[in-house]
Amino acid sequence: MPPPRGKTMADLAGGGDDGSTGLLGGGRVGKDDLRVEAYGGLDEASSALGLARALAGSGRVDDIVTEVQRDLYRLGAEIATAPERAGSFARIGADRVARLDQLLTELEAEVTMPREFVLPGASAPAAAIDLARTVVRRTERHCVALRRAGGVDNPEVLRYLNRLSLVLFVLARWEEARGGDEAPRARG
């Protein structure tokens, strides 16, 4: 995440040497706090999606991934905000979940979904999307724990992450089909 307005990275150097980190809107928590795990996972997912976008060379993947990365940035700000300042930043809303539902329907109409487990790696872009999907799933688990602990009051956070992992699975299969690749199937 970028430094707060009016601060540089050099201004922040050393601030976390004690194992704590600052929240948006003030306050500090341990770097092992559930909140940090959750927004750190969102950052990881966005980075993996950035790799996918750079590798894909498809305008469709670029558009979808850029849109999702913007959502992840907004969601990260929501999660990284001190609970007492929860209203300070835009929150993920039902409209963004509905957008993921729309993308899911569109992509599923264009690609045949496998009936078996797939082994990611048929193409570099699809593998990066699959990596992002697994990071989103892990982040979803952290957000479930954070919600149970009272740290997330927006129910759309969990809905968004759940839906996003589905969209990313289908997008990876779409990318494989576009490139003429097919993920090998897991054999049991």
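1. Angles under 35 degrees count as roughly parallel, over 145 as roughly antiparallel, 65 to 115 as roughly perpendicular and the rest as oblique. Helices (H or I, at least four residues) and strands (E, at least two) are DSSP runs, numbered from the N terminus. Axes are lines fitted to C-alpha atoms, for helices over the stretch in contact, and angles run from 0 to 180 degrees between N-to-C directions.

2. This is a predicted model: local features need pLDDT of at least 70, side-chain atom pairs count only at pLDDT 80 or more, and totals for chains, interfaces and linings use all residues. Residues are numbered from 1 along each chain as its sequence is written, and side-chain values use heavy atoms, with hydrogens and water left out.

3. Take H2 (residues 34-56) and H3 (residues 59-79) to begin with. Their axes come within 9 Å and cross at roughly 165°. H2 and H3 are therefore roughly antiparallel. The contact (heavy atoms within 4.5 Å) includes Leu 42, Leu 49 and Arg 53 of H2, and Val 65, Leu 72 and Ile 79 of H3. By class, 12 of its residues are nonpolar, 5 polar and 3 charged. Here Ala, Val, Leu, Ile, Met, Phe, Trp, Tyr, Cys and Pro count as nonpolar, Asp, Glu, Lys and Arg as charged, and the others, Gly among them, as polar.

4. The H2 and H3 crossing is left-handed. That label applies if the near helix is turned anticlockwise from the far one by less than a right angle; clockwise is right-handed.

5. Now H3 itself. Its 21 residues should span 30 Å at 1.5 Å a residue, and its end C-alpha atoms are 30 Å apart, which agrees. The expected span is 1.5 Å times one less than the number of residues. At the start of H3, a side-chain oxygen of Ser 58 comes within 3.3 Å of the backbone nitrogen of Arg 60.

6. H3 also meets H4 (residues 94-108). The axes come within 12 Å and cross at roughly 160°. That makes H3 and H4 roughly antiparallel. The crossing is left-handed. Arg 60, Glu 67 and Asp 71 are among the H3 residues in contact, with Arg 96, Arg 99 and Glu 106 among those of H4. This contact has 5 nonpolar, no polar and 7 charged residues.

7. H5 (residues 124-148) has 25 residues and reaches 36 Å between its first and last C-alpha, close to the expected 36 Å. At its start, a side-chain oxygen of Ser 123 lies within 3.3 Å of the backbone nitrogen of Ala 126. Just after H5, Gly 150 has a positive phi of about 85°.

8. The axes of H5 and H6 (residues 155-178) come within 9 Å and cross at roughly 165°. H5 is thus roughly antiparallel to H6. Their contact has 17 nonpolar, 3 polar and 8 charged residues.

Conventions
Polar contact = N/O pair within 3.5 Å; in protein donor to acceptor, adjacent residues only side chain to side chain.
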